[in-house]
Amino acid sequence: MLPATDALGPRILIVDDQRSNIRLLEQTLRRAGYAEVMSTVEPREVAALHQQNHYDLILLDLQMPEMNGFQVMEELQETRSANPVSILVLSADSTARETVLEKGGDSFIGKPFRLPDVVERVQLMLKAAAP
Amino acid sequence: MAAVELRRKKALLKTGALQNAILNSANFSSIATDEKGVIQLFNVGAERMLGYAAADVVDQITPADISDPQEVIARAAALSVELGTPITPGFEALAFKASRGIEDIYELTYIRKDGTRFPAIVSVTALRDDREAVIGYLLIGTDNTARKEAEEALAEAAALQNAIFNSANFSSIATDAKGVIQVFNVGAERMLGYAATDVLNKITPAEISDPQEVIARAAALSLELGTPITPGFEALAFKASRGIEDIYELTYIRKDGTRFPAVVSVTALRDDRQAVIGYLLIGTDNSARKHAEEKLRWTEGSFRLMVESVSDYAIVMLDPEGRVASWNTGAQRIKGYHADEILGRHFSTFYQPDDVARGKPQRDLEQAASSGRHEDEGWRIRKDGSLFWANIVFTAIRDQSGNLRGFAKLTRDLTERNKVEATLKNARAIAEKANLAKSDFLSSMSHELRSPLNAILGFAQLMESDSPAPTPAQGESIIQILNAGWYLLELINEILDLATIESGKLSMSLEPVSLNELLLECHSMIEPLAQRRGITMTFPRSDSVYTVHADRTRIKQVLINLLSNAIKYNTPKGSVALDCSANTASGRVRITVTDTGAGLPPEKLAQLFQPFNRLGQEVNGEEGTGIGLVVSKRLVELMDGNIGVESTIGTGSVFWVELLSTAPLVLPAAEEKIVAAESVAAAPDGLRTLLYVEDNPANLQLVERLIARRNDVRLLSAVDGNRGVELARTVLPDVILMDINLPGISGIEALKILREGKTTAHIPIVALSANAMPRDIQRGMDAGFFRYLTKPIKVSEFMETLNIALAFAEEHHAAGN
């Protein structure tokens, strides 16, 4: 098993069907110093991408067409024991927090968010996963 | 001489024959004695009556020896007096009279050989020789038992007759053959008010009877017996005169003209040749019975009328087979049948054919018969074929010996009520659905609005912190975008809050909240706004201590809303004062927020807590939807509190919130133990570290006091989840205590993040939460808490759990090393 991080720092995957959200999060995280930030608008690819790239953290949207965030977490559940990954859900449905935590999410931030809050949470979660 | 001799012989023969007849008769005891009384002859009759054999007594005893000695003594005494000469109690007493030639027949009790006794009539004759000297006695006895009994029976009958005749409860009237009264007893006098002298030999009983009844009786008897009977005494006595037993009811008329019902028994009195010599009329006063009967009849009648006239309920009697036996107005109204059409028909007529086919009517009756009462509700058919929804109660009617006499069936027509209920239910469902739809709409709309708003606010934030930095003009524009954006988010959140509250989905975490700390937090949050607006803020001195029953986050939201309104809708250089007071009588704490704004007229005050009634916006153009107050009101009510406002135009308004006062957390007395800041780095050997993540200072203080009791544990604390996680990573505590409702990340998120960390994954984390519903506890345990404790803290449970967690940590520590 590969270590969760490499020389370039923790690997982060952003999953959102809206490209503007992806751009916003990518820029925010890059500015905060995270270099290995990847993204997809295709929820169906997430499990396979994780299998391949062993992310440390996935930033996951909930409301997406074809496959929602809960289904993504369900798919990830199968590979998570082999390839551990933290999941931070970002959703406009602020009432979904409890369900998200029950269904495999590790943390939750409502949209719209303050950028510093996102950075702080990501740091908190990645530090936890760090050796 | 010869003729004389023949006569003598004939006489002797006759005497001999008579003697023989007597001596040999079994019906007479014949006992002959010598002159001293010693028995010489004891015939078969004597043997039978007395139980002795002749050999037992002849030459042995005298008749006195088989007589009652007391009676013999008494007889001797009586005769001594009667005859003036002393007579010995003994045989002399039995034979003395006879010895003097006096005829003597007397009653005497003979005693049998077996000791039993019987009354005898004894005739004693002296037997004399030719010279008239007494040579013996003959005692002829008959058993007097039967006669005695007959006499006793006669005496009893006489007593009974006397009793009847002298009783005041019976009128006994005896008449002659024509009916003229001959005897009129005390009972008759009392009942009828006449003295015997008023009526004796003057009138017949017909004259004290109701004449109409006498006429009617005469007519009826004429018909019945086929012979003309005169209205008069004949009508009263005719049947008796024919030997027919006759007891009839009749109205007697008293002397004073009043009347009473009597039951009269008539008997014909007859002479030896069965010729009627008169009549005996024995009467009893029947008033009481008549009265009771009439009352019963009246009761029955009015009850029947009542049942018949009830029109709201069908009250129907069924016979044991289920045929209709009675029918009231209500039954006619509900079912449409007239009594004539339905009486005698089977009650299954009212059931739908399907029900009849399935045997329901019979089943209903059987259930009523077996359990006494049976209730049913369902569709029944009217005469016109229409259906009605009926509630039916069957009651089995049984007689005193328990035999089924039939059923009372009470039916109500609930069709209308059902319709109304259905309509109401429908309306309620529609309203609920509409309300849900509205909540759903508001909720989903607020989500929909958030996504684009996220882009606006997100990129504006990026631009704000861009490098190279935006120009001052650009910066100003970005700030405008951000302010408007955050405000828009606030509105959306309020709408969502309202929708959540109205759909009943808002969960409250009610716990004792210390107002001191809460108000300090509010003050620091609101102070920047007040400064920007030039408003002076006054808060109560922190030495007043109040604890209220509230959701900490939500009450803060309410107070911030009231404070920011007071600042926004104030006059320039105005002031806002917050104050607290306790009402010990109502057990509530009142928090007031007083502003120096323009004040509100009464008609606007009424609208204040209604959604989308933004007041004052036309005055100063201030932002606001007014939803904030509506949400505040709902939130306060969910905390069992009240909210209100008083206002004076030109002076300002006072908004107030009342919350239930609650006892402050009882802090067990213990020495204060201060954890020095530098001790955070590493715990000395043997000292265990407990981290408590809690935003409510009151709870923190309580746990501090509890831990101060233990020398082996030091307590660290964090006021939110982020800091809690950071601190946990730094100091790696042995055990973590975690509140669930925390600002920022929740206790569950903090738990999950710590679980992901290699260094913190093993730390037992105990939840300590006011969310005490089983669902909350299950969710917590599912998330991975070591234990889940609910507030308020129960000290022993808390200490026990802490020990278990510490032991668990030690085990892990030992295993890890």
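**Exercise 1.** In this predicted model, determine how many residues of chain B are in contact with chain A, and which helix gives the most to that side of chain B.

*Solution.* Begin with the count across the two chains: 30 residues of chain B are in contact with 25 residues of chain A. Next, assign the chain B side to its helices, where α16 (415-464), α17 (472-502), α24 (721-731), α25 (747-756) and α26 (774-783) each supply at least two residues. Among these, α16(B) gives the most, with eleven residues.

**Exercise 2.** Work out which residues of helix α15 (residues 360-371) of chain B are buried, and how they are arranged about the helix axis.

*Solution.* First check the span: the twelve residues of α15(B) reach 16 Å from first C-alpha to last, close to the 16 Å expected at 1.5 Å a residue. Then apply the burial criterion, under which 20 or more other C-beta atoms must lie within 10 Å; B:Asp364, B:Leu365 and B:Ala368 are buried. Seen down the axis, the buried residues of α15(B) fall within an arc of 95 degrees, so they line one face of the helix. On the other side of α15(B), B:Glu366, B:Ser370 and B:Ser371 are exposed.

Definitions and conventions. Residues numbered from 1 in each chain as written. Chains lettered and ligands numbered in written order. Predicted model: local features only at pLDDT ≥ 70, side-chain atom pairs only at ≥ 80, totals over all residues. Contact = placed C-beta atoms within 7 Å. Helix = DSSP H or I, 4+ residues; strand = E, 2+ residues; numbered from the N terminus. Expected span 1.5 Å × (residues − 1). Buried ≥ 20, exposed ≤ 12 C-beta atoms within 10 Å, placed from the backbone. Arc of directions from axis to C-beta.
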